[in-house]
Amino acid sequence: MSRAVLSLGSNLGDRLGFLQLALDAVRPALVAVSSVYETKAWGVEDQPDFLNAVCVVDDPVRDHWAWLRAGQAAERAAGRVRELRWGPRTLDVDVVTVEGVTSGDPELLLPHPGTPDRASVLVPWVEIEPAAVLPGHGPIAALLAARPEDDLASVRRTDFELR
């Protein structure tokens, strides 16, 4: 089986609609989805706030490359244009981790290297998998507890719902 954790983000256009588009792209492999959170942008900070969510997917016929391609296909369907690293985007789908897989390939680094430092990923992930472990880094609850208070405060749960 290929169990993966995907991080979803959008800060342009129909943000909630684009997150839903990403979920629809991985259905029926969808196991769990977090609440929707609003977060400040980082990297390039002069841009609109993001909506973020995390989902867990599982499919016996998909490997880590298939999860990457599914995410990229959803990004294309959302009209994503890659102009500026960490810039605004209609949809961003990151493969955070795939069970039993590590990768140093520049196209697909696993686990995703930014995860330990991103409350926007850790907060929604711990909501749906409180005992999860990020390979090479430890329990995500411990990673989250180590984040600065201002980082945690920048992740705000919304009333939006994904299905």
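Analyst: Happy to! A nonpolar core is a set of buried Ala, Val, Leu, Ile, Met, Phe, Trp, Tyr and Cys residues joined through side-chain atoms within 4.5 Å, and buried means under 20% relative accessible area (1.4 Å probe, protein chains only). This is a predicted model, where local features need pLDDT of at least 70, side-chain atom pairs count only at pLDDT 80 or more, and totals for chains, interfaces and linings use all residues. Residues are numbered from 1 along each chain as its sequence is written, and side-chain values use heavy atoms, with hydrogens and water left out.

User: Which residues touch the most other members of the largest nonpolar core?

Analyst: They are L6, V57, W67, L91 and V95, in a core of 27 residues. Two or more residues come from each of β1, α1, β4, α2, β5 and β7 (108-110), and α1 gives the most, with 5. Helices (H or I, at least four residues) and strands (E, at least two) are DSSP runs, numbered from the N terminus.

User: What does L6 touch?

Analyst: Contact means heavy atoms within 4.5 Å. Leaving out residues up to four places away in sequence, L6 touches V26, A53, V54, C55, V57, D94, V95 and V96.

User: What makes a space a cavity or a pocket?

Analyst: On a 1 Å grid over the protein atoms alone, a cavity is a set of points where a 1.4 Å probe fits but cannot get out, while a pocket is an open set with protein on both sides within 12 Å along at least five of seven lines; lining residues have an atom within 4 Å of a point. The search finds 1 cavity of 30 Å³ or more, lined by S7, D94, V96, H112, G114, T115, R118 and V121. The largest pocket holds about 1000 Å³, and the closest of its 41 lining residues to the centre are R80, R82, R89, D92 and D94.

Notes:
Points joined across faces, edges and corners; volume = space filled by probe spheres on them. Buried < 20%, exposed > 50% of the residue type's maximum accessible area, 1.4 Å probe, protein only.
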